[in-house]
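Please keep the viewer open as you read.

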Amino acid sequence: MVSTQAQLGRWLRRSGTLIGFIVVIVYFTINIPNTFLTLPNWLNISQQISMLAVVAFTMTIVMVMGDFDLSVGSMASLAGIVAALLFRDSQPVLLGVVAALVVGLIGGLINGVLVSYIGITPFVATLGTLTVFSGVAFLLSGGETIFGRDIPADFSTFARGGIPVGMVNERPLLFPNLTIMALIVFVIVWVVLEQTAFGRRLYAIGGNVEAARLGGVRVRLLRLIAFMLTGMGAALAGLMYASRVASANPTQGAGLMLDAIAAVFLGMTLSEEGEPHVAGTLLGILILGVLDNGLTQMKVDSYVREVLIGAIIIGAVTSSSLNRRGR
Amino acid sequence: MASPLLSISNASKTYGSSRALIEARLEILPGQVHALMGENGAGKSTLIKILAGVVAPDSAQIALSGQPVTIHSPQDAFNLGLRFIHQELNIVPQLSAAENIFVSLPYPRRAGFLVNWAKLHADAEQVLAQLGIHHIDPRQQAARLSPGDQMLIKIASAFWGAERAATSVYVMDEPTAALTGDETERLFKVIRELQNKGCGVLYVTHRMREVFEICDMVTVMRDGRVVETRPIASTTPSDLIRLMTGRDLEQAYPPRTLPVEQAVTLDVRDLSTRQISGIHFQLHAGEILGVAGLTGAGRSELLAALIGAERRLTHDVLLDGAPLPPLDPTRAWERGFAYVPEERRTQGLMLSRSIQDNITLPHLQRISRGGVFLNRASEKRISTEMGKSVQLKSTGAEQITRQLSGGNQQKVLFARALVQTPRVLLLDEPTRGVDVGAKYDIYTLIRQISGRGAAVIVASSDLGELLGLCDRVLVMRKRRQSALVDATGMTAQELLTLCYDEAG
């Protein structure tokens, strides 16, 4: 009896973030009765958060090792600029996309070399590259937004497209391509982290880097690869963003980094040992997206929204770390 | 006869089922430098920790200058005039010598809150002068002082204020471990200065030469008991070694059942790293080689070099007769080396991960499908099987390693090493912090593995363990290989003599 109670208590504490999420949904459902809990609204949310989701999913890869990458936002901007510039030169869409992803890989390679071979802390290394990537994006674009006829229709229609799932007001309801993209990235990251030896070794590094090294894990190489994957994820998010707004400017990825890290932290509160898992990150992303969507519909001032979201992140992480300390 | 400055008697301490200290007693007279000797685990550190107020004894009577006192906290010990100097130099390198002297004391102030720097430096100079130290500038950054001078700074810090306490007893735990010969001489001058001032010194060391140079009395501990206290004048180094080791080696070790094979598994012709040099030995299949040496002699560093955790300066090694390139730990595991490091919590285990994750980590490549995709069913089967073979007590392969006892955590590391019968098994302090019952299990296991043809290397500070288990023993001294001897018929006394430098 006692142990059942204890188990329930532990489950409640561990699932605090999940329960909070359900409470938020119930609250919005009651207060925004006609629109919140509808398929079109949720498809809309999924599209809104898809770019952030891609960054957060791939951010999880480095955070599993106890590292993080501050440069993802400016990498997203840079990748968008690189693709748009190639489009302006009338290069094929495919070339622009591939080039942007390669830029992401190279950026991640630089981060990885700095962190893992030169030994700079991730905070300093990626703070430095954040500024460098942003500067390069400004240099390449001349500080201007690239838009209009420069962006080929093949590229910008992708973000507006989707798979029809029904009709609303005589217009087709689409399952957005961007959402599909985010789901594909989710599945890939989940497989990599949870189902491969590579992912297991990343978790081993996060658990105890010296023990991992002595236990045969190639710590430096794996860290390098992980940063490259995160860089490529940021570049992909930048492409998705550029496609959605049919333009590219050197600051458009700026907001992604903090929200992505916040989403991973929210997700970490779900795991017993406080490790990041990509499924947890997904929940973190949903919490941020739903809050944003619901509060906007309730016409809550956007500044209030920011205060609320910040407070929720601190609250969730505090309660879960208090739990861990209490054990 | 003067009443003792410090006396402790009837001191006992039990940890779980193991008795760390049994009715120990010790007296230090004013102006006496008193050596405390004994093998690792003899109870020296427990005794010191009771005096320092870090460990609560089951029983103990402590008196200072004849007055009974109780010590419940480090603060109590400090207020009573007891000072502790550890072998680790816990100085703050960025601060000046003077600031380090006063780092745990109130700085002299002016106007209530500003630091009076002039007085701080003058006080520092004064306390250094009282100890006969004139070559250290109090303004100098501590990082730029030699290890010996850093030690003197710690002693000066301990000396300040203690002179005003009713008693002052300095407990020094292997203070010369990091010092050169000249620095040691300087330290001895300061110790004699303390002695002249009527302070008492309890001097813990493994170094025979120092005991005979600086100490007046010696107390030897063994298995938690004080074996004997006698004046230095009426003892010899070999007396002390006999007193420290005087135990029989019978029972505790399972006997060898199979003979050592003829084939040479590992032929180390020359091996050196930045830490160790001059290593050369041949290891046969089924043989158990011990690595002995004092603390800091290079035991762990030898194993670290063999698993490839340290960059090698020279490397001429053959495995099964074929030249072996310098490997990193990844390749070393792949080639059949297995390693159980000294510090299981910091070097061995991912405590936040499951038993299964910890056991399979070095073997993932082989266990996973195509070397890429995890095969959890197979991991679970292997982990459960290996857990059984090392008699691991757990709720299952998915249990988090943090929740296990120390002995069971050690067994997880053994299970990891045994997933494939290793060609060469490297064990660093395999039974440290493990209770007696689990020790026997581990010895039996080591015998079994060597019986399957593995070559085993055991580094240990427990001489009895080395002699009871190993066929031959490699002795490290001052980070070089100094001897390679047959263990059969050897006594702990003889082995300890080999480990000591100018001993015997």
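A residue is called buried if 20 or more other C-beta atoms lie within 10 Å of its own, exposed if 12 or fewer do, and partly exposed in between, with C-beta atoms placed from the backbone. By that rule, buried residues make up 46% of the 504 residues in chain B. This is a predicted model, in which local features need pLDDT of at least 70 and side-chain atom pairs count only at pLDDT 80 or more, while totals for chains, interfaces and linings use all residues. Residues are numbered from 1 along each chain as its sequence is written, and chains are lettered from A and ligands numbered from 1 in the order in which they are written.

**The two chains**

Helices (H or I, at least four residues) and strands (E, at least two) are DSSP runs, numbered from the N terminus. Here is how the chains are built:

| Chain | Secondary structure |
|---|---|
| Chain A | 14 helices and 4 strands |
| Chain B | 18 helices and 22 strands |

The radius of gyration is taken over C-alpha atoms, and the globule rule is 2.2 Å times the number of residues to the power 0.38. For the 504 residues of chain B, a compact globule would come near 23 Å, so the 25 Å of chain B agrees. For the 327 residues of chain A the rule gives a value near 20 Å, and chain A agrees with 21 Å. The C-alpha trace of chain B spans about 75 × 50 × 45 Å along its principal axes; that of chain A spans about 70 × 60 × 35 Å. In chain A, 46% of the 327 residues count as buried.

**Where the chains meet**

Two residues are in contact if their C-beta atoms, placed from the backbone, lie within 7 Å. The contact between the chains takes 20 residues from chain A and 26 residues from chain B. On the chain A side, helix H9 (197-207) and helix H10 (209-214) each supply at least two residues, and H9(A) gives the most, with 6 residues.

**Domains of chain B**

Domain bounds come from an automatic or database domain assignment. For chain B, that assignment gives domain 1 (6-245), domain 2 (262-336 + 422-504) and domain 3 (350-419). The C-alpha centres of domain 2 and domain 3 of chain B lie 25 Å apart. Their contact takes 11 residues from domain 2 and 9 residues from domain 3 of chain B. Helix H16 (residues 436-451) of chain B gives the most to the domain 2 side, with 5 residues.

**A sheet in chain B**

Two strands pair if DSSP finds at least two bridges between them. An open sheet of 6 strands in chain B has the order E6-E9-E10-E3-E11-E12, with mixed pairing. Strand E6 (82-85) and strand E12 (225-231) of chain B each have a single partner strand, so one side of each is left without a neighbour in the sheet. Strand E9 (residues 169-173) and strand E10 (residues 200-204) of chain B pair in the parallel sense over 5 bridges, and Val171(B) stands opposite Leu202(B) in E10(B).

Two helices lie across this part of chain B. Axes are lines fitted to C-alpha atoms, for helices over the stretch in contact, and angles run from 0 to 180 degrees between N-to-C directions. Helix H6 (residues 181-196) of chain B lies across strand E3 (33-37), E9 and E10, running at about 145° to E10(B). Helix H8 (residues 237-245) of chain B lies across E3, strand E11 (217-222) and E12, at about 30° to E11(B).
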